[in-house]
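Please look over the sequence and the model shown here before reading on. The paragraphs below go through the structure part by part.

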Amino acid sequence: MRPIKQLVRFGWEQALSCLFPVVIFASLAMTQLIPLPFLPRYDWLLIICLLMQWWMLRSGLETRDELKVITVFHIIGLALELFKVHMGSWSYPGDGYSKLFGVPLYSGFMYASVASYLCQAWRRLKVDLIKWPPFLVVVPLAAAIYLNFFTHHYWIDIRWWLSGLVMIVFWRAWVSYEIGGTRYRMPLALSFVLIGFFIWIAENIATFFGAWEYPNQTNAWSLVHLGKVSSWLLLVIVSFLIVATLKQVKGKSST
C-alpha cells in the first residue's frame with residue numbers, strides 16, 4: 001500500500017504545483033465556451049492571469065523570488081512569441097486591445113506558468129541536483145538552445161545537435177526529490193523528456209481551445225505534430241537550466 005500512497009502524494013504535490021497552468025487552461029476553455037462581455041477574449045485572459053499572479057503572491061503560494069523568476073520567463077516567452085508570429089510559425093487570429101504586433105500579452109503567462117510549475121515543484125518536493133554540470137557549461141548551453149529558436153529561420157536548425165549535447169552534458173546528472181519523508185531520484189534527462197511530453201499534451205489542449213493557431217489548424221483543429229515535442233523538450237531544458245542556476249546562486253548567497 002505504501003507505493004500507492006506515495007504515488008498519490010506525488011500526484012497531489014504535482015497538482016498543487018500546476019495550479020497556475022490549470023487556471024490558464026480552465027480560462028481558455030471558459031472563454032471559448034462562454035464569451036465574456038465588454039472586452040475581447042484575449043484581454044479577459046490577460047486580466048485573469050494578472051489576478052491569478054497577484055493572488056498567488058498575496059496568499060503566499062508564491063514567493064517574491066519566484067515572482068522574479070516568473071517575470072523573466074514572461075519576458076523571454078513574449079520575445080519568442082513576437083518573433084515566431086512575425087515569421088508565421090503560428091498566429092493569434094482573435095481581436096484584443098492588449099495585442100502587441102499580433103501577439104496578445106497574456107501569451108507570456110503561458111511560458112511563465114512553466115516557470116511557476118518548476119518553482120513550485122522545486123520547493124514542494126525539496127528538489128536537489130546531483131552531479132550538476134559547471135555554471136560555465138550550463139549557461140552557454142541554455143543560451144544556444146534559446147537562440148536556435150530564432151536563428152534556425154535564417155540558418156540550419158541545430159536542435160538535434162543541441163539535444164545530443166544536452167545528453168552528453170547531463171548524462172551523469174540526477175534530480176533528487178522528497179515524498180512523504182522518503183528521497184527518490186531519477187536521471188535528469190528523463191525528467192526533461194517527461195515534462196516536455198506533458199507540455200505537448202497541454203499544447204494540444206490549448207490549441208483546441210483556441211489559445212493560438214498553427215497554419216495547419218486554420219480551417220479545422222488537428223493534433224499538434226509530434227515533432228513539436230522536441231521544441232518543447234528544448235524549451236523545458238532552457239526553463240529548467242535557468243531555474244536551477246538561479247536556485248543555486250540563491251543558495252550560495254544565503255549560506
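Is Arg183 buried, partly exposed or exposed? Arg183 is partly exposed, because its relative accessible area is 36%, where buried means under 20%, exposed over 50% and partly exposed in between, with a 1.4 Å probe and protein chains only. This is a predicted model, in which local features need pLDDT of at least 70 and side-chain atom pairs count only at pLDDT 80 or more, while totals for chains, interfaces and linings use all residues. Residues are numbered from 1 along each chain as its sequence is written, and side-chain values use heavy atoms, with hydrogens and water left out.

Confidence comes next. The protein chain has a mean pLDDT of 78, and 87% of its residues reach 70 or more; pLDDT is the predictor's confidence in each residue, from 0 to 100. Helices (H or I, at least four residues) and strands (E, at least two) are DSSP runs, numbered from the N terminus. Where pLDDT is low, the predicted coordinates should not be read in detail.

Arg183 is placed in strand 5, and this strand belongs to an open sheet of three strands with the order 3-4-5 and antiparallel pairing. Strand 3 and strand 5 are the edge strands, each pairing on one side only. On average, neighbouring strands of this sheet are turned by 30° against each other, direction ignored. Helix 1 (residues 2-17) packs on the sheet and touches strand 4 and strand 5, and its direction makes about 105° with that of strand 4. Such axes are lines fitted to C-alpha atoms, for helices over the stretch in contact, and angles run from 0 to 180 degrees between N-to-C directions.

Strands of a sheet pair through backbone hydrogen bonds, either parallel or antiparallel. Two strands are counted as paired if DSSP finds at least two bridges between them. Strand 3 (residues 128-130) is joined to strand 4 (residues 174-179) in the antiparallel sense over three bridges, and Leu129 has Val175 as its bridge partner in strand 4. Between strand 4 and strand 5 (residues 182-187) there are six bridges, again in the antiparallel sense. Trp174 stands opposite Pro187, and Ile179 opposite Thr182. The hairpin of strand 4 and strand 5 has two residues between the strands, and Gly180 there takes a positive phi near 60°.

The contacts of Arg183 can now be placed. Leaving aside neighbours within four places in sequence, Arg183 is in contact with Leu125, Lys126, Val127, Asp128, Ser176, Tyr177 and Glu178, contact meaning heavy atoms within 4.5 Å. Arg183 and Lys126 are 57 residues apart along the chain, and their C-alpha atoms are separated by 9.2 Å.

Next is the nonpolar core, a set of buried Ala, Val, Leu, Ile, Met, Phe, Trp, Tyr and Cys residues joined through side-chain atoms within 4.5 Å. The largest one has 65 residues, and Trp132, Ile145, Phe170, Phe192 and Phe240 have the most contacts inside it. Not counting residues up to four places away in sequence, Phe170 touches Trp132, Pro133, Val138, Leu141, Leu188, Phe192 and Leu241.

Some single residues remain. Ser113 lies in helix 5 (residues 107-124) and counts as buried because its relative accessibility is 6%. Ser113 touches Phe20, Pro21 and Ile24, not counting residues up to four places away in sequence. Phe38, in the loop between helix 2 (19-33) and helix 3, has a positive phi near 75° although it is not glycine. Phe38 counts as exposed because its relative accessibility is 80%. Phe101 is found in the loop between strand 1 (99-100) and strand 2 (103-104), with a positive phi near 50°. Phe101, at 73% relative accessibility, also counts as exposed.

Finally, an unreviewed UniProt entry annotates "transmembrane region" at residues 41-57, 69-88, 100-120, 132-152, 158-175, 187-209 and 229-246. Its positions are given in the numbering used here, feature names are shortened, and annotations may be inferred rather than shown by experiment. In the model, residues 41-57 are 100% helix and 0% strand, with end C-alpha atoms 25 Å apart. Residues 69-88 are 95% helix and 0% strand, and their end C-alpha atoms lie 29 Å apart.
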